Amino acid sequence: MQTNFLSQQFNAGFLAENSTACPANATICDGTSCVLPEDNFNQTLSVVLSTVLTIMLALVMFSMGCNVELKNFLGHIKRPWGIFVGFLCQFGIMPLTAFLLSLAFNVLPIQAVVVLIMGCCPGGTASNVIAYWVDGDMDLSISMTTCSTLLAMGMMPLSLFIYTKMWTDSDAIVLPYDSIGISLVALVIPVSFGIFVNHKWPKKAKIILKVGSIVGAVLIVIIAVVGGILYKGSWIISPKLWIIGTIFPAAGYILGFFLARLAGLSWHRCRTVSLETGMQNTQLCSTIVQLSFTPEQLELMFTFPLIYSIFQLLFALLILAGYRLYRRHRVQTKTNVEKTEQKEDSKSNAKINGGFVSDEMK
C-alpha cells in the first residue's frame, strides 16, 4: 500500500515537471501555446530608481550647497565666463564628439541616435560630488549644472535636430521636459537651502558638507552597481557600443579640461569644467530612449546609457585617485622644501652669530 502511494507521488511529480500545461500567470492559453503578461521589470525599476535617486540626490545637493558662498555664486552669474566655457563643452564638444564617434565606428542608425542623445544630455549632479573631492570650484560647478539643465530645454532639441538628420527624423525623439524640470527643481531648491544654511550657520554647514559628500560618493557607486545588476537589458550588444561607451566619457573629460585651460581658467576650475563635461545625466538619457523607441529597437542599444554610466564613474574615480596622489606628493615636496629652507636659515644664522651647527643641520 505504501509502495503504491509512493509510486503515485513519483508519477504525479514526473507529470508535473514534464507537463505541457501553460504557466499559472499566462493570460491566454490554448494547449501548449501561451501568451505571458508583458514584463514591465525595466519600467518598474526605472521608476523606483528615479524616485530614490531624485530624493537622495536632493539631500546630497543640499549638503553641496553648504559649500557655496552666495557672493561667489552670484559672481559667476554676473561674470559668466566659466559658465560660457562649460556651455561650449556641454552643448558643443559632447554632441560633436558623439557624432564623430558614430561616424568613425559606422554603427547602426538607431545606435548612432542613442549615442547622440547621450551627448546632448546635460551634466548630472554626480559631477558636483566628484568636483568637491578634487577640490574644484563648487560655486562654478553648481552654477554650471543649473544653467546646463535649464538650457537643455532648448539646446537638446536643437542639437538633435542638427546631428540626427542623416539617421532619423528628430521629431521621432521624445524629450521628457517634465524629467528635465524635476531635475532642475531637485537641484535649485536643495542648493538654495544649503546656501542659506552656510550663510546663517557656517560651522554646522561644514559638518553637513562632510557627511553629505561621503553619502553622495557612496550613493553614486551604489546606483551604478544596482543599475548594472538589476537592469534586465540585453548585455549582448554590439562591441562597437562598448568601445564608444569607453572612449566617449574619457574624451569628454580630456577635451573639457583642455578647452577650459585654453580659455584661461585656473587649474581648479579646469578640473570642474572637465567633470561637468564628461559626466552626463545617464538617467535622463535612459528615459528619452524608452519613450522614443520600440522594444525591438531597445534591444539594440538600451544598455548603452548604463555602459556610459559605468565608464564615466570609473574614469572619474581614476581622476580622483590621480589628483589625491598628486596632492599628497605636492604636500610632501612642499614640506621637504620648507625643512631645507629652515636648515639653511639656521646655518646662516649660526655663522653670523658665531654659534654652532647641530648634527641634524649638517
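Modeller: The model is predicted, so local features need pLDDT of at least 70 and side-chain atom pairs pLDDT 80 or more, while totals for chains, interfaces and linings use all residues. Residues are numbered from 1 along each chain as its sequence is written, and side-chain values use heavy atoms, without hydrogens and water.

Biologist: How far apart are the end C-alpha atoms of helix 8, and what span should its residues give?

Modeller: Helices are DSSP runs (H or I, at least four residues) numbered from the N terminus, and the expected span is 1.5 Å times one less than the number of residues. Helix 8 holds 24 residues, 177–200, and therefore should span 34 Å, which agrees with an end-to-end C-alpha distance of 35 Å.

Biologist: Which residues touch the most other members of the largest nonpolar core?

Modeller: A nonpolar core joins buried (under 20% relative accessible area, 1.4 Å probe, protein chains only) Ala, Val, Leu, Ile, Met, Phe, Trp, Tyr and Cys residues through side-chain atoms within 4.5 Å. The largest has 41 residues, and those touching the most other members are Ile117, Met156 and Phe248.

Biologist: Which element gives the most to this core?

Modeller: Elements giving two or more residues include helix 4 (81–105), helix 7 (138–163) and helix 10. The most, 9 residues, come from helix 5.

Biologist: Beyond its neighbours within four places in sequence, which residues is Phe248 in contact with?

Modeller: Contact means heavy atoms within 4.5 Å. By that criterion, and leaving those neighbours aside, the partners of Phe248 are Met94, Thr97, Ala98, Leu101, Val115, Met118, Gly119 and Tyr308.

Key
Buried < 20%, exposed > 50% of the residue type's maximum accessible area, 1.4 Å probe, protein only.
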